[in-house]
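Good morning, everyone, and thank you for making time for this.

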Amino acid sequence: MNYSQIPSPCYVLDESLLKKNLQIIDHVRKCANVEIILAFKGFAMWSVFPILNEFGFRRATASSLAEARLAVEEMGDFAHTYAPVCTDNDIDEIAALSSHLTFNSLAQFERFAKRAKSANKAISLGLRVNPEFSEVATDLYNPCAKGSRLGITSEQLSTLPDGVEGLHFHALCESDSHDLKKVLDHFKQHFGHFLPNLKWLNMGGGHLMTRKGYDVEFLIELLKNFQNQYPNLQIILEPGAAFAWETGVLVSTVEDIVENHGQKTAILDVSFTAHMPDCLEMPYKPRILSALPEPNPNFPTYRIGGNSCLAGDFMGDWSFEKPLQIGDKIVFNDMIHYTMVKTSMFNGVKHPSIGIWRENTGFELVREFSYEDYKKRLS
């Protein structure tokens with residue numbers, strides 16, 4: 001990737017890296033004979049949906065009316081929809097755009113199931129359940145944390161309401177297949193007695209099968225064994241990050257270097273809070289392609305600051321082989337999943353453009369953002 005050809009700031013997806021991920025996911029799908037669909041909450045860059053279609057990925061999971069519309073309009077098929085809550089204003093249209101609709105609570109099912117069926121007679125209805133087990137360490141991302149609002153616990157579900165055809169659980173976040181095995185053990189303990197009478201089971205997302213070191217073959221065997229035990233079930237997985245894991249970068253530029261009590265901060269034309277929010281929320285420290293793997297006191301070291309006025313819009317520290325200069329490119333790795341879908345226009349700072357690095361033709365700019373984009377979000 002030739003960064004001199006890329007405007008700053010800009011998210012850039014590498015087409016060849018996306019295809020490598022799709023090959024891995026396709027391998028799992030075919031070997032395990034399961035349905036794997038894209039979760040828009042992690043990756044919704046619809047300009048590359050034609051590439052997904054080439055590999056046979058034409059379904060998506062939606063968590064809102066807007067995402068359900070995107071599934072139909074840009075992927076060309078009905079959505080698997082789950083939202084923590086549906087409303088009177090959106091239930092009819094959501095149902096019309098969905099092949100599957102999962103409700104988060106029994107109260108929501110009782111309130112909206114008949115309306116969903118009236119809007120779409122072919123829709124398959126399900127419930128999200130909470131296995132009350134997860135090895136996700138960060139509570140912000142743990143759907144099974146104590147007191148979670150997500151999913152129905154076994155003590156609340158003595159029998160299945162009429163019309164329920166499937167169950168859905170989600171208990172992983174960038175997790176391994178061995179973590180799924182532990183979750184499945186708890187799930188079967190709490191809800192296994194319902195499975196022989198159902199049509200489908202959605203195992204949610206968080207299956208990071210494209211990460212280096214992920215035990216793909218264990219996942220395949222785990223899914224095959226589960227299907228052998230419950231041959232009546234269609235098994236569905238809906239990873240988001242796995243599709244776009246390490247497929248691209250965020251290109252930025254050093255605009256200033258300030259110093260305070262010996263602390264040097266390189267201020268960029270991007271913002272952590274607005275353009276890389278997971279870095280502060282999780283938190284995690286992203287890799288910078290030109291920086292040393294770890295801070296080194298023998299090399300020039302900098303805190304990296306964002307361009308918003310939030311005092312905490314920074315991370316540190318990174319060391320470089322030579323001092324940074326104004327105008328230097330700073331390239332953050334792995335900034336395609338859970339970035340574009342979560343950005344904001346806080347402070348009105350310039351939103352990064354979106355581009356694709358094509359295998360044969362190089363950089364293609366597919367989206368720029370302007371003052372009008374900022375203004376139209378407000379009133």
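Predicted model: local features only at pLDDT ≥ 70, side-chain atom pairs only at ≥ 80, totals over all residues.

Let us begin with strand β12, residues 263-268, which runs parallel to strand β13, residues 301-305, and is joined to it by 3 bridges.

With strand β14, residues 314-319, β13 pairs in the antiparallel sense, over 4 bridges, and here you can look for Y302, which stands opposite W318 in β14.

Next comes an open sheet of 9 strands, paired in parallel, whose order reads β2-β10-β9-β8-β7-β6-β5-β4-β3. Its edge strands are β2 (35-36) and β3 (38-39), each of which pairs on one side only. Within this order, strand β8 (residues 164-168) and strand β9 (residues 200-202) run parallel and are joined by 3 bridges, with L167 standing opposite L201 in β9.

Which residues touch the most other members of the largest nonpolar core? They are M203 and F332, in a core that has 103 residues, and helix α7 (residues 216-229) gives the largest share of this core, 6 residues. Another core lies apart from it, made of 8 residues that include V249, V251, V331 and W357. Coming back to M203, and leaving aside residues up to four places away in sequence, we find that M203 touches F169, L180, L184, L223, F226, I235, I236 and L237.

Methods. Residues numbered from 1 in each chain as written. Heavy atoms only, no water. Core = buried A, V, L, I, M, F, W, Y, C linked by side-chain atoms within 4.5 Å. Buried < 20%, exposed > 50% of the residue type's maximum accessible area, 1.4 Å probe, protein only. Helix = DSSP H or I, 4+ residues; strand = E, 2+ residues; numbered from the N terminus. Contact = heavy atoms within 4.5 Å. Pairing = 2+ DSSP bridges.
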